[in-house]
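Look at the structure below and follow two residues, one after the other. A record annotation comes last.

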Amino acid sequence: MSSHDVIAVAERARAASHGLALATRAQKDAALHAMADSLLAHEAEILAANAEDVDRAEAGGTSPNIVDRLRLTPERLAGMADGLRDVAGLPDPVGEVVRGSTLANGLELRQVRVPFGVVGMIYEARPNVTADAAGICLKSGNAVLLRGSSSARSSNAAIVAALRSAVEDAGLEPDVVQLVPGDSHDSVKALMRARGHVDVLIPRGGAGLIRSVVEESTVPVIETGVGNCHVYVDRAADLDKALAIVLNAKTHRTSVCNAAESLLVHADVAEAFVPRVVAALQDAGVTIHGDAAFQAHDGVLAATDEDYATEYLSLDISAAVVPDLDAAIAHIRRFSSQHTEAIVTEDLTASRRFTAAVDSAAVLVNASTRFTDGGEFGFGAEIGISTQKLHARGPMGLPEMTSTKYVVTGDGHVR
């Protein structure tokens, strides 16, 4: 594999994107339904390919948590197909008028949504992302170049083959969905350096992957996903609500970016709440890395700054007692990845101060961090959760997968 191979794929994607930008919603939705049907029609081939990946991962000593993210089942494949159908049911963002007016000189001004063009996806393990990204990019009028991890190469190849045949059968150019050739880092590097051929890169994975893409890419990058998410239990919290929220945020699903990784408790309620939450978390199998107040309880490990900065993605959580709301905000500012933070409180003033002072993509009041999700927000689908501030922030649905342009209509106007 050479950089020329990656550029060749990108050029085919660019050519295909021109036709896709002109496709009607009906054409795109028909392709999405065909893609869903094709996944199910090729279930045997896809699951056999996935079994190869899983066997290879297990033989290589990959952690069970990562193997589970890699594994496909008939139920998970059906969920991927349902996801494509759900995207077909969403409004088409392309052509939406963001704003418009008639200027004083009579010119008609409209700002409309348009596709990026060619989107590169660099992601780890989860082969369901292959279908999700292809569907969301197609609906938003973008060609997509998919570079999954080598651990899922057999699965991704089988999935993309099924998707491309469906796109072609639906009358669209199959090169709107392509795998980036190669398994080495060289192919990733070539994609990251394909400025002028690829319009935007979206990495999905761990902190190391995202940092590498951001630092090495010459193509514009939308950062997604690293989630060192906090739950702060305020002095005015309903402690029953707080316990339920902490348990849900930490244990509902540990391997996702919106799982809680750190717990902060106001000193005024620590005596009442810390014993309860320690017992509940430990009963759920969670290892607590805590400060002195938490270490007073059996089984709690001593927390370091590294613990407070860690996105565990496992049954681990860092924990500390803070003297007041401002100390909680300061802790979050220091250690947060600016993904999602939650406050549990019945004090309106405290919640307003927290939501104003905490600078993260999503800030929740009396709700689990697990709600930071495109589906839960009612977007119907998401390509990822952006933790940056330019273009898009938070769950990225179909509108966030577009740019805009101005269409100006005159009647012989000259300046």
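S386 sits in strand β14, which spans residues 384-386. Strands here are DSSP runs of E with at least two residues, helices are runs of H or I with at least four residues, and both are numbered from the N terminus. The model is predicted: local features need pLDDT of at least 70, side-chain atom pairs count only at pLDDT 80 or more, and totals for chains, interfaces and linings use all residues. Residues are numbered from 1 along each chain as its sequence is written, and side-chain values use heavy atoms, with hydrogens and water left out.

S386 has a relative accessible area of 0%, so it counts as buried (under 20%; exposed is over 50% and partly exposed lies in between, with a 1.4 Å probe and protein chains only). Apart from neighbours within four places in sequence, S386 is in contact with I222, E223, T224, A361, A392, R393, G394 and M396; contact means heavy atoms within 4.5 Å. The side chain of S386 also reaches the backbone nitrogen of Q388 at 3.3 Å.

The second residue, L72, is found in the loop between α4 (64-70) and α5 (74-88). L72 is buried because its relative accessibility is 9%. Not counting residues up to four places away in sequence, L72 touches I46, L47, N50, M80, P127 and I159. S155 is 83 residues from L72 along the chain, and their C-alpha atoms are separated by 8.7 Å.

An unreviewed UniProt entry annotates residues 3-284 as "domain: Aldehyde dehydrogenase". UniProt positions are given in the numbering used here, feature names are shortened, and annotations may be inferred rather than shown by experiment. Over residues 3-284, the chain is 54% helix and 16% strand, with the end C-alpha atoms 48 Å apart.

Terms used: Polar contact = N/O pair within 3.5 Å; in protein donor to acceptor, adjacent residues only side chain to side chain.
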